[in-house]
Amino acid sequence: MADPAPLDVRIQDLLRHDGQFVRLRGWLYNARGKGRLLFLLLRDGSGICQAVVLRDAVGEEAFALARGLGQESSLELTGTVAADPRAPGGAELKVKGIRLVGPSRDYPITKKEHGPGFLMDHRHLWLRSRRQMALLRLRHRVIQAFRSYLDGEGFYCVDSPMFTPNACEGTSTLFRTDYFGEEAYLTQSGQLYAEASAMALGRVYCFGPVFRAEKSKTRRHLTEFWMLEPEIAFAGLDEVCDLAEGLVRHTIRHLLATGADDLADLDRDPEVLRAWDAEFPRLRYAEVAEMLMAWQAEGRYESEFRPGDDLGAPDETILGEHFGRPLMITHWPAETKAFYMKRDPEDPSLALGVDVIAPVAGEIVGGSVREDDLETLRRRIAEHDLPEDAFAWYLDLRRFGSVPHAGFGIGLERTVSWLSGVPHVRECIPFPRTLQRIYP
Ligand code: 4AD
Ligand code: MG
């Protein structure tokens, strides 16, 4: 009797089709076997399935085809789903038919160890590896969490432009472009435009790629990365801290609820994440500086940090170890921060900024209250040697119904790196752009 037409299913849904005749479409991840039995590992992006090929079940010709398949050949497999707790994903496919869609020979990424340079040169193929697929899915889930949290809090997504006539985060990391004969920049942050949008809709966020000509070769720096930037009208430092904490903790819970398989593929213990879903300590910069100086004096760690400086990697590391969860640092020396940050009315040498420092990963969030007074902001623009005419529109926001407002930016790749435990941000974006790399 002829088989019924197979049902097209994705591997993640296999278990729901136990006993049914289905078709899987994907790529050959791995193959092993001997004699009249072959195990094909097929991946389709949603998971990896073990497909059992018996010569007697598929016939001589199909068996020979299966045995000769190269890694990453694309295939259609038809067969019957059999629940099996020992199989990866809890079910395997008893193969009836095999169709080769696209052959693959001498796939460059094999089971042997490859160096990071080789893998990065083959990033377009490396994405198909188990860990990299898990990271891509995890990144997707972090984006889901970012958006769903803010949408649930009454924010509107309003995107900021990528081409801009003005600098946001200092002039040293600007990418310059020729914009029809005029100089323009790739944006370093969507914040300034988000402020304008917040004056229209009250609570907004922008989410997109931003660009920084970072000369640093650290594991935390990309030249193109994604940033989520919420901005709130009628808000101050407390609201920004509450929102950042709420967002980060929601993201952790969303990953625990939906990303268990991805965390497992990354050898990430979910308990590590669960422990971070707890109240974030909030400290002032001055308190943190005192702790760091004391730890240096005790010989607990070495650092060039002195009170008044921005934090360096060793400082963030030891703070992460000490607190064991994300830490919020507020009231920064104004010189360490951007021109738009409002000063503390009680001590104008301090900026009302907040950074969230995560264990191991370091800074994942930077935010602040914005200067809302026209004349003060004008002075800051001049002090920072920024051209006032490029900021005329930004100053208008302080001319027409200025309100206290505040916001922050959270780096997507830093967040993915932190939560996944993958130390280098270059693996946390599909095609990384760094000081040394623009290929592939
Ligand atoms: O602290 P930053 O520079 O803040 C801003 O750009 C503000 N305008 C955001 C705002 O208030 N709307 O950057 C914010 C975050 C950092 O905490 C970090 O997570 C990430 O962006 N980030 C980077 N990620 C990868 N590579 C880089 N070169 C990064 N620079 C910053
Ligand atoms: Mg920062």
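1. Lys 342 sits in the loop between strand 14 (327-333) and strand 15 (343-344), and Asp 372 in the loop between strand 17 (362-369) and helix 12 (374-383), so the pair ties together parts that are 30 residues apart in sequence. A salt bridge here is a side-chain nitrogen of Lys or Arg within 4 Å of a carboxyl oxygen of Asp or Glu. Helices (H or I, at least four residues) and strands (E, at least two) are DSSP runs, numbered from the N terminus. Lys 342 is partly exposed, with a relative accessible area of 22%, whereas Asp 372 is buried at 16%. Buried means under 20% relative accessible area, exposed over 50%, and partly exposed in between (1.4 Å probe, protein chains only).

2. A word on the basis of all this: the model is predicted, with local features needing pLDDT of at least 70 and side-chain atom pairs counting only at pLDDT 80 or more, while totals for chains, interfaces and linings use all residues. Residues are numbered from 1 along each chain as its sequence is written, chains are lettered from A and ligands numbered from 1 in the order in which they are written, and side-chain values use heavy atoms, with hydrogens and water left out.

3. Now the overall picture. The protein chain has 14 helices and 18 strands, and its C-alpha trace spans about 85 × 55 × 40 Å along the principal axes. Of its 440 residues, 53% are buried.

4. The domain assignment gives domain 1 (7-102) and domain 2 (123-428); such bounds come from an automatic or database domain assignment. The C-alpha centres of the two domains lie 45 Å apart. Eight residues of domain 1 are in contact with five residues of domain 2, contact meaning heavy atoms within 4.5 Å.

5. Back to the charges: the count comes to 33 salt bridges. One of them joins the side chains of Arg 23 and Glu 76 (3.3 Å, N to O). Arg 23 is in strand 2 (residues 21-34) and Glu 76 in strand 5 (residues 74-83), 53 residues apart. Arg 23 is partly exposed at 22% relative accessibility, and Glu 76 is buried at 15%.

6. Asp 262 and Arg 141 also meet in a salt bridge (2.8 Å, N to O). Because Asp 262 lies in helix 8 (residues 260-265) and Arg 141 in helix 5 (residues 130-152), the pair ties together parts that are 121 residues apart in sequence. Both Asp 262 and Arg 141 are buried.

7. Do have a look at Asp 315, in helix 11 (residues 313-323). Asp 315 is buried yet has no salt bridge, and the nearest side chain of opposite charge, Arg 306, is 7.6 Å away. Leaving aside neighbours within four places in sequence, Asp 315 is in contact with Leu 292, Tyr 301, Ser 303 and Phe 305.

8. Finally, strand 18 (residues 405-411) holds Gly 409, which counts as buried at 7% relative accessibility. Beyond neighbours within four places in sequence, the contacts of Gly 409 include Met 227, Leu 228 and Ile 364. Helix 14 (residues 412-420) is largely enclosed by the rest of the structure because eight of its nine residues are buried. Just after helix 14, Gly 421 takes a positive phi of about 80 degrees.

Methods
Lys, Arg positive; Asp, Glu negative; His and termini not counted.
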